[in-house]
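Please read it with the sequence and the model at hand.

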Amino acid sequence: MSDAFELYGYVVFGLFGALLGSFGNVIIYRWPKGLSIVGPRSACPHCSKKLSAWELIPIFSWLFLRGKCSACKAPINPRYPLVEFIMAFLFCLTYYKFGWSWTALEMTFFIFAAVTASFIDLDHFLLPDILTLSGIVIGLVGALLNPDRQFMDSFLGVLIGGGMLWAVAYFYYLYRKEEGMGGGDIKLLAWIGAVFGWKAIPFIVLVSSVLGTFGGIATGLKSNKGMKAVIPFGPYLVVAALVYAFGAQSLAHTYLRLFLPFVE
Ligand SMILES: [Zn+2]
């Protein structure tokens, strides 16, 4: 592959990621309020000024405007460019790791929908079915179409991913008589299983639990509810799935070398 073609790939994936990040922002902001995600055009929440075309350029508009509305100078939440940047970055990483492939196409869809779902979960403690359930279906169809994936792997991923968290939630409920894990998390892990296959599930559950424990302690220390503070678990599952997709092999290798330094 020539260098120019490589660069072209990063530009296409990066732009596509930034644009989908911008669309993701619209969903994150409007979906929980029951507003239409196709129109009308976005406006400043303070002065209701409709944003012009040049104010809708992902990441760059926020930089040009120095994070302020052009009309009323109210600060624009830095979360907007952040979401756009995260998606652009993850899309470039996808191209770096998977090139032009079925897997890359599937990864970009997963990143778009899962990052969007994570931010909705952070804000509202819910994972929309429209994202998780369609994610499961698209993940299963992807396994049928993608020559690098096995349908059975994906199908078992849905059963084991969903089943594992369902069991955790069930026993937690029996023990504490209160709901610890939401149904959204169960559907999310089933979706992750559909995309990454059943073998990914133990790694993702382990990594997300470790991240969730640290995150939970940090949230508990900051909150006046202490350790009873509720934390959304969805973002941890998504981060763990991305760690698996982009770095599991080298991570597992590094881990192995801690104990067996002679491993090449
Ligand atoms: Zn304004």
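This is a predicted model: local features need pLDDT of at least 70, side-chain atom pairs count only at pLDDT 80 or more; totals for chains, interfaces and linings use all residues.

1. The zinc site. The zinc ion has as its protein donors the SG atoms of Cys44, Cys47, Cys69 and Cys72, which lie 2.3 Å from the ion. The angles among the four donor atoms run from 106 to 113 degrees, and the site is tetrahedral.

2. The zinc site in the sequence. The donor residues follow the spacing C-x2-C-x21-C-x2-C. Distant parts of the chain are linked by the pair Cys47 and Cys72, which stand 25 residues apart. Cys47 belongs to the loop between helix 1 and helix 2 (60-64), whereas Cys72 belongs to the loop between helix 2 and helix 3 (79-98).

3. Helix 1 with helix 4. As background, a pair of packed helices is described by the angle between their axes and by the distance between those axes. Helix 1 (residues 3-30) packs with helix 4 (residues 102-124) at an angle of about 30 degrees, and their axes are 10 Å apart. Angles under 35 degrees count as roughly parallel, and helix 1 is therefore roughly parallel to helix 4. The two helices cross in a right-handed sense.

4. Residues between helix 1 and helix 4. On the side of helix 1, the contact is made by Phe13, Leu20, Phe23, Gly24, Ile27 and Ile28. Helix 4 contributes Ala104, Thr108, Phe112, Thr116, Phe119, Ile120 and Asp123. By class, nine residues of this contact are nonpolar, three are polar and one is charged.

5. Helix 4 with helix 7. Helix 4 also packs with helix 7 (residues 183-196), at an angle of about 165 degrees and with the axes 12 Å apart. Helix 4 is therefore roughly antiparallel to helix 7. Their crossing is left-handed. Met107, Phe110, Ala113, Ala114 and Asp121 of helix 4 meet Asp185, Trp191, Ile192, Val195 and Phe196 of helix 7. This contact of helix 4 with helix 7 comprises eight nonpolar residues, two charged residues and no polar ones.

6. Helix 5 with helix 6. How do helix 5 and helix 6 pack, and at what angle? Helix 5 (residues 129-145) and helix 6 (residues 151-176) pack at about 160 degrees, with their axes 8 Å apart. It follows that helix 5 is roughly antiparallel to helix 6. The crossing of helix 5 and helix 6 is right-handed. Helix 5 takes part through Ile136, Gly139, Leu140, Ala143 and Leu144, and helix 6 through Phe151, Ser154, Phe155 and Val158. Seven of the residues in the contact of helix 5 with helix 6 are nonpolar and two are polar, with no charged residue.

Terms used: Residues are numbered from 1 along each chain as its sequence is written. Side-chain values use heavy atoms; hydrogens and water are left out. Axes are lines fitted to C-alpha atoms, for helices over the stretch in contact, and angles run from 0 to 180 degrees between N-to-C directions. Helices (H or I, at least four residues) and strands (E, at least two) are DSSP runs, numbered from the N terminus. Angles under 35 degrees count as roughly parallel, over 145 as roughly antiparallel, 65 to 115 as roughly perpendicular and the rest as oblique. A crossing is left-handed if the near helix is turned anticlockwise from the far one by less than a right angle, and right-handed if clockwise. Contact means heavy atoms within 4.5 Å. Ala, Val, Leu, Ile, Met, Phe, Trp, Tyr, Cys and Pro count as nonpolar, Asp, Glu, Lys and Arg as charged, and the others, Gly among them, as polar. Donors are N, O and S atoms within 2.8 Å of the metal (3.2 Å for Na, K and Ca); water is not among the atoms, so sites may look incomplete. Four donors count as tetrahedral if all angles lie between 85 and 135 degrees; four count as square planar and six as octahedral if opposite donors are over 155 degrees apart and all others between 65 and 115; anything else is irregular.
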